[in-house]
Amino acid sequence: MRKIITTLVIFISFSMLLNAQDYRTGIGLRAGYPAGLTVKHFVNERTAVEGMLATRWGGFVVTGLFEAHRPLADVNNLKWFYGAGAHIGFWNSSSSRTWGNSGTSYTVVGIDGILGVEYSFGEIPINIGLDWKPAFNIIGYSGVWADGAAFSIRYIF
């Protein structure tokens, strides 16, 4: 009987923790530049980790971010967020007219920042967001990518 009561108390406490935030995990699409997939997971009420897999210049970029979320304008489920992280990318410059030497393949590693706003619908399990994600390549073809703006839509659970 004690095990059952202990299990119920833990389950109820965990459920209350999950309800303290808009969602725990969201998976979806990122439309913009670069476009791709996004997965965001909250580690607590105000802190999330986000992973992105995006296409860029005929290749792809994998990004990991650590984000802080804050309420915005006293609107339920509306938050602004900021964060930082890192990326690794692979592309062939023959598909890019602005970066690298023609016909050369590149591997880049760098750091990223992110600043955005997101809203979670209360009636349906959908989250939408708009963000700006500048990046700086440290290894490989170095340079600043300040064009990383996107709209994301996620299924949340």
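Is Ala 73 buried or exposed? With a relative accessibility of 60%, Ala 73 counts as exposed, where buried stands for under 20% relative accessible area, exposed for over 50%, and partly exposed for values in between (1.4 Å probe, protein chains only).

The structure is a predicted model, in which local features need a pLDDT of at least 70 and side-chain atom pairs count only at pLDDT 80 or more, while totals for chains, interfaces and linings use all residues. Residues are numbered from 1 along each chain as its sequence is written, and side-chain values use heavy atoms, with hydrogens and water left out.

## Overall architecture

The protein has one helix and 10 strands, and these follow one another along the sequence in the pattern α-β-β-β-β-β-β-β-β-β-β; helices (H or I, at least four residues) and strands (E, at least two) are DSSP runs, numbered from the N terminus. Of the 157 residues in the protein, 36% are buried. Among contacts (heavy atoms within 4.5 Å), those between residues 24 or more positions apart make up 49% of the contacts with a separation of 6 or more. The accessible surface of the protein comes to about 8900 Å², and 69% of this belongs to carbon and sulfur atoms, the areas being derived with the Shrake-Rupley method and a 1.4 Å probe, with only the protein chains shown counting as cover for residues.

## Strand β1 and its partners

Two strands pair if DSSP finds at least two bridges between them. Strand β1 runs antiparallel to β2, to which it is joined by six bridges, and the two strands form a hairpin with two residues between them. Within this pairing, Thr 25 has His 41 in β2 as its bridge partner. The loop between β1 (25-33) and β2 (36-42) contains Pro 34, and the peptide bond from Tyr 33 to Pro 34 is cis, with omega near -5°. Strand β1 is also joined by eight bridges to strand β10 (residues 149-156), again in an antiparallel arrangement, and here Ile 27 stands opposite Tyr 155 in β10.

Leaving aside residues up to four places away in sequence, Thr 47 touches His 41, Phe 42, Phe 66 and Glu 67. Thr 47 counts as buried because its relative accessibility is 16%.

Asp 74 is exposed, with a relative accessible area of 83%.

The side chains of Asp 131 and Arg 30 meet in a salt bridge with an N to O distance of 2.8 Å. Because Asp 131 lies in strand β7 (residues 126-132) and Arg 30 in strand β1, this pair ties together parts that are 101 residues apart in sequence.

Glu 118 forms a salt bridge with Lys 40, with 2.9 Å between the closest N and O atoms. This pair links distant parts of the chain, with Glu 118 in strand β6 (residues 105-120) and Lys 40 in strand β2, 78 residues apart.

Arg 154 and Glu 50 also meet through their side chains in a salt bridge (2.9 Å, N to O). Since Arg 154 lies in strand β10 and Glu 50 in strand β3, the pair ties together parts that are 104 residues apart in sequence. Salt bridges that share partners join Lys 40, Glu 50, Glu 67, Glu 118 and Arg 154 into one network.

| Residue | Relative accessibility | Class |
|---|---|---|
| Asp 131 | 6% | buried |
| Arg 30 | 3% | buried |
| Glu 118 | 2% | buried |
| Lys 40 | 0% | buried |
| Arg 154 | 3% | buried |
| Glu 50 | 3% | buried |

Methods. Salt bridge = Lys/Arg side-chain N within 4 Å of Asp/Glu carboxyl O.
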